[in-house]
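Good morning, everyone. Please take a look at the chain on the screen, and let's walk through it together.

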Amino acid sequence: MKSILIVALIAAAVGFGCKGKAKGRASSITDTSRNINLPDEVIGKANSDYKPAFIGQTRIKRIKTVTPYKVEKLAEKLGRPWAIIPMPDGRLMITEKSGFITIHNANGVLLKKVTGLPAVVDSGQGGLLDVALDPDFINNKTLYWSFSKRVGNANLTAVAKGQLSKDESQILSPVVIFQATPALKSDGHFGSRLLFDKDGYLFVSAGERFILEGRRQAQLLNSGLGKIYRITKEGKAAPGNPFINQAGVKPEIYSYGHRNPQSLDINPATGDLWEAEFGPRGGDELNLIKPGKNYGWPIITYGIEYEGNKIGDSIQQKEGMEQPVYYWDPVISPSGMIFYNSNVIPEWKNNLFLACLSSLHIDRLVIENNKVIAEESLLLDKKERFRDVTEMDGRLYAVTDSGILFMISKK
C-alpha cells in the first residue's frame with residue numbers, strides 16, 4: 001500500500017505539476033516553473049536530526065521545468081566514462097577510467113580513440129578521471145587530465161598535460177605537472193575535477209582519500225589532501241593564491257577542509273567558483289568557494305558515519321569554518337556539474353545542473369543571490385548513475401556509469 005502511495009505521489013507531482021502545500025514562488029521563476037513539494041517518502045528520510053544553519057539550506061521547494069524538452073540516448077556501451085566536455089568545434093571529449101579518451105560528434109558517434117596517456121591506477125574510484133582543454137587549445141592542442149597515479153605501493157591524485165597529435169589518435173609529450181601529496185594506500189576520494197579560470201589558471205580538486213589518515217589531513221595546510229588548488233599551466237602556485245609565502249603551507253592551496261570534491265564550475269553570471277562534494281551518510285554539500293576559506297571537513301558536517309555513528313564532536317557550525325550554501329540528506333552523490341549558459345531554454349539560464357550517482361538523476365538548482373531557491377530532479381525514470389554533465393549550444397549532455405550518453409534538448 002505504501003509503494004502505491006509513493007508512486008501516486010510521484011505521478012501527481014511530476015506528471016501533473018501538483019503544488020502540494022507550497023506557497024508562493026520566487027519572482028524569477030514565476031512564469032516558467034511550478035512548485036512541487038515531495039514528501040519524505042519520495043525524497044528520503046534524513047539520516048540525522050541536524051538542523052540547518054539558515055532557512056533554505058536544505059530541502060528547498062521543488063519545481064518542474066515548463067519548457068518542453070526531449071531526452072535522447074545517443075550512445076551506449078561507452079565503457080566506464082568519467083568526464084565529458086565540449087570541444088571548440090562542436091564535438092565531445094569523454095574520458096574512460098581505464099586510461100584513454102574518446103572523441104564523439106554532437107550526435108554521439110565515436111570518431112576517435114586517443115591513447116598514449118601515462119598509466120593509471122584503475123581501481124575503485126581511481127583511473128583516468130577529468131580532462132580540460134587549454135584556453136588556447138585551438139592553436140596549441142594542449143589538454144590536461146587528472147588521474148590516480150601509483151607512487152611506490154600507494155597512489156595519489158595527479159594532473160598531467162600533453163598535446164593532441166595531428167591525427168588526434170594519441171597524446172604527445174605527456175608530463176605530470178602536479179601531485180596532491182602524500183600518497184596513501186586507498187582507492188577512494190580522488191576528487192579530480194579540473195577547471196580553468198578567466199586568467200588561465202587551473203583549479204584542481206583533490207579528495208582526502210577516504211581513510212582516516214587522509215581525513216585528518218583535510219584541515220592541514222601542509223597536506224595536499226581535501227583541498228582545492230589553483231595552479232599555473234606548469235603546475236606551480238598561481239599568483240594571488242591566499243597562502244603564498246606562508247611558511248609550512250602549500251602555496252598551491254586555494255581552499256581546504258573538503259571531503260571528496262568531484263564538482264567544480266564557475267557561475268557565468270557572477271564569475272564565482274562553486275563546488276559540490278560528497279558527504280558521508282548525509283551531508284553532501286554545495287559550496288561557494290572563496291580563497292583561503294576552510295570548509296570544515298571533518299570538524300563540521302551534516303552527515304554521519306556510514307555505520308551510523310556520529311562524526312567527531314557531531315557539530316555543524318564552528319567559527320572560522322564556512323557553511324555550505326546547500327546540503328542534501330539523504331545524499332545525492334554529486335559528481336560533475338555545469339552552469340547552463342544558454343538562452344535556448346530561458347528558464348534554465350544560469351541554473352546549476354549536477355550529475356548524481358546514488359540518487360539516479362540530474363539535479364537542477366535555481367540560484368539567486370548565492371542562495372538556492374528551487375530544485376528539480378531530472379531523468380529519474382532512467383534509473384542511471386549519472387557521472388558527469390556538460391552543456392553545448394543549449395543542449396545538456398550526460399554520461400552514466402553504465403556507459404550511456406544522453407542528450408537533453410529543447411523540443
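A definition before we start. A residue is called buried when its relative accessible area is under 20%, and exposed when that area is over 50%. Anything in between is partly exposed. Also keep in mind that this is a predicted model.

Now the whole chain. How much of it is buried? Buried residues make up 56% of the 411 residues. The chain exposes about 17100 Å². Carbon and sulfur atoms supply 52% of that area.

Next, secondary structure. The chain has 4 helices and 26 strands. What about its contacts? Take those between residues at least 6 apart in sequence: 59% of them join residues at least 24 apart.

Let's zoom in on one sheet. In general, strands of a sheet pair through backbone hydrogen bonds, either parallel or antiparallel. Which pairing do we have here?

Strand β5 covers residues 92-96, and strand β6 covers residues 100-104. How many bridges join them? There are 5. Find methionine 93, and you will see isoleucine 103 of β6 opposite.

Start with proline 174. Its strand is β11, residues 171-184. Buried, exposed or in between? Proline 174 has a relative accessible area of 37%. That lies between the 20% and 50% cut-offs, so proline 174 is partly exposed. Which residues does it contact, leaving aside neighbours within four places in sequence? Proline 174 is in contact with Gly116, Pro118, Trp145, Lys161 and Gly162. Now compare sequence and space. Threonine 142 is 32 residues away from proline 174 along the sequence, yet their C-alpha atoms are 9.8 Å apart.

Last one: serine 263. Look for it in strand β16, residues 260-266. Its relative accessibility is 0%, so serine 263 counts as buried. What does it touch? Setting aside residues up to four places away in sequence, the list includes Arg193, Trp274, Glu275 and Ala276. Pro334, Ser335, Gly336 and Met337 also touch serine 263.

That's the tour. Thank you.

How values were computed:
Residues are numbered from 1 along each chain as its sequence is written. This is a predicted model: local features need pLDDT of at least 70, side-chain atom pairs count only at pLDDT 80 or more; totals for chains, interfaces and linings use all residues. Side-chain values use heavy atoms; hydrogens and water are left out. Two strands pair if DSSP finds at least two bridges between them. Helices (H or I, at least four residues) and strands (E, at least two) are DSSP runs, numbered from the N terminus. Buried means under 20% relative accessible area, exposed over 50%, partly exposed in between (1.4 Å probe, protein chains only). Contact means heavy atoms within 4.5 Å. Accessible areas come from the Shrake-Rupley method with a 1.4 Å probe; for residues, only the protein chains shown count as cover.
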